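Okay, thanks everyone for coming. Let's get the structure up on the screen and walk through a few spots together.

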Amino acid sequence: MNLWFLTEEKPKISTLWQILNLYCRDFESEFQSDKKDAKIKPLFSNNKFTFTYLFENVSVSGINNIYIKTVSGSSSFFDFLLFKQEQEPADGCMDNLLMAIEETKTSDDESRNTGVYQRGSKFVHIKSFSKEVKLYMLYNDELGERTEKTPSCTSIFGTNILLTLGVEIVGKSIKGRFRPFASIDELIQFKSNMRKPPAGNVPISITKKGDTIFVSGRLSKPANEGNIGHDPNIGALSMISACIRKLGWCGDIVITMHGVSQKYAKKNRSNKFFHIARALGVKLDDITFETASLPEKYWKYEKNSEKVASILLHIVAEYCDMREVYQNHAGCERGYFKTKSGRLIVLPKKDSGGVLNLYLPDLVLSDVDGLLVLLIEGKQLKTLSAGLNEIKHYDSIENEYINKYYPGAKTERWLSIFGGNKTEIPHEKVLLYLTDCGAIYINDDAPDCVKQAFSKFV
């Protein structure tokens, strides 16, 4: 029997480690390994990448191997799904799914809404695909600099809802203030005691009148009137509605002051909030809506995104002791800038002038000594020309961060390319080319550290 991690993210050893400890605790297994020996190894067959990674030097009782696959979700997809079975899960299959884990670096003092609300719809939406899966919210503060502060009322309210829905909170202390709501009246009372938003904002409020509970909250962004695009409120209203049902309410639940237009509702039947509302029996005030069928698949193996190649390059480099400086793979979490001394820095959205965007590569690597820094933009074969243009705009990150924190290092700008079936490097600025069928091509002018890393596999 094997374990299979399916993820949209570039997997980190520390995160896999935490999840396996949870797995062993909850499914009565034993976990043995020295963390410093654990590695993520790309698997090749006949000199072709199999699109599979092995988590090696890790032992879990009753498990032969632990594999990792890159996938994409249809909507509101978790950061990690964990399956237990012999063969890799069939594309989109939810059988043998044990755990769904959402990871966040966002703390309560960074954002009252993002940390607890923004991902809330994921915990509700997945229940339409798998009712028995165990749910986890994993807080992972990589900076390790923040002292624990008194949580905001928003944090307490949202966390208590997650606990009511059966979500386990990991990596954040929940002693004292946090506990599941015992009743609908307690939920309503807690929300009514919270500080109201500034004048002009639509408050989230919960009111019970007879056999109907009204929940106010704006789903439409002011910049795009009538749509459903306010992610924190999508999460908050999904969580609140699911909590009301969990606490036994069988009457109507009506969302008011939502800002959604009838025109939008008619044209966007597949919107995830409509699916959640239909599943929970939730109505939108003055709006009638129908939902399209749920997506046939909650997830699928990733076969299109440029991150397939950039993540492979990243993992091969780390396996061979090159160093990650920065990562922002397409659709993945935005990482921290890592200095040569190991300090983590949050990169701003603007350059030092505060006017121009700070253009960021998908991946920045250095050699083991920090004397060579590679700035790498990931692209599909069909968007290669766009990548060639983007790497022209990395002056700010080089001048303001790399030159400062890697003094004297040589810098090079490259592309990693995924897709198609060419039989050679498609451009002189392409460092790595990965074809649809897994064939690997490395630029003849690639740095020796990259050539040596891939020589261990192909």
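**Rings, charges and a helix pair**

Let me start with F157: this one is buried, with a relative accessible area of 0%. Keep in mind as we go that we're looking at a predicted model.

So, what does F157 pair with? Its partner is F190: the ring centres are 5.8 Å apart and the planes sit at 20°, and since planes under 30 degrees apart count as stacked, we call this pair stacked. The two come from distant parts of the chain, with F157 in helix 3 (residues 153–164) and F190 in helix 4 (residues 184–193), 33 residues apart.

The charged end of K191 sits over the F157 ring, 5.7 Å from the ring centre.

Now go over to Y433 and Y441. They're another stacked aromatic pair, at 6.0 Å centre to centre with 25° between the planes. Y433 is buried, at 0% relative accessibility, while Y441 is partly exposed with a relative accessible area of 23%.

How many aromatic pairs does the structure hold? The count is 23. There's also an aromatic cluster to look at, made up of F44, F49, F51, Y53, Y319, F418 and F457. And if you like lysines over rings, look at K429: its charged end sits over the ring of W414, 5.1 Å from the centre.

Okay, on to helices. Helix 5 (residues 231–246) and helix 7 (residues 272–280) have axes that come within 10 Å and cross at roughly 10°. Angles under 35 degrees count as roughly parallel, so that's what we call helix 5 and helix 7. Which residues meet there? From helix 5 you've got I234, L237, S238, S241, A242 and R245, and from helix 7 it's K272, F273, I276 and L280. By type, the residues in this contact split into six nonpolar, two polar and two charged.

Last stop is E28, in the loop between helix 1 (13–26) and strand 2 (31–32). E28 has 77% relative accessibility, and because the cut-off for exposed is over 50%, E28 counts as exposed.

Terms used. Residues are numbered from 1 along each chain as its sequence is written. This is a predicted model: local features need pLDDT of at least 70, side-chain atom pairs count only at pLDDT 80 or more; totals for chains, interfaces and linings use all residues. Side-chain values use heavy atoms; hydrogens and water are left out. Axes are lines fitted to C-alpha atoms, for helices over the stretch in contact, and angles run from 0 to 180 degrees between N-to-C directions. Helices (H or I, at least four residues) and strands (E, at least two) are DSSP runs, numbered from the N terminus. Angles under 35 degrees count as roughly parallel, over 145 as roughly antiparallel, 65 to 115 as roughly perpendicular and the rest as oblique. Contact means heavy atoms within 4.5 Å. Ala, Val, Leu, Ile, Met, Phe, Trp, Tyr, Cys and Pro count as nonpolar, Asp, Glu, Lys and Arg as charged, and the others, Gly among them, as polar. Rings of Phe, Tyr and Trp (its six-membered ring) pair if their centres lie within 6.5 Å; planes under 30 degrees apart count as stacked, over 60 as edge-to-face and the rest as tilted. Buried means under 20% relative accessible area, exposed over 50%, partly exposed in between (1.4 Å probe, protein chains only). A charge sits over a ring if NZ of Lys or CZ of Arg is within 6 Å of the ring centre and within 35 degrees of the ring normal.
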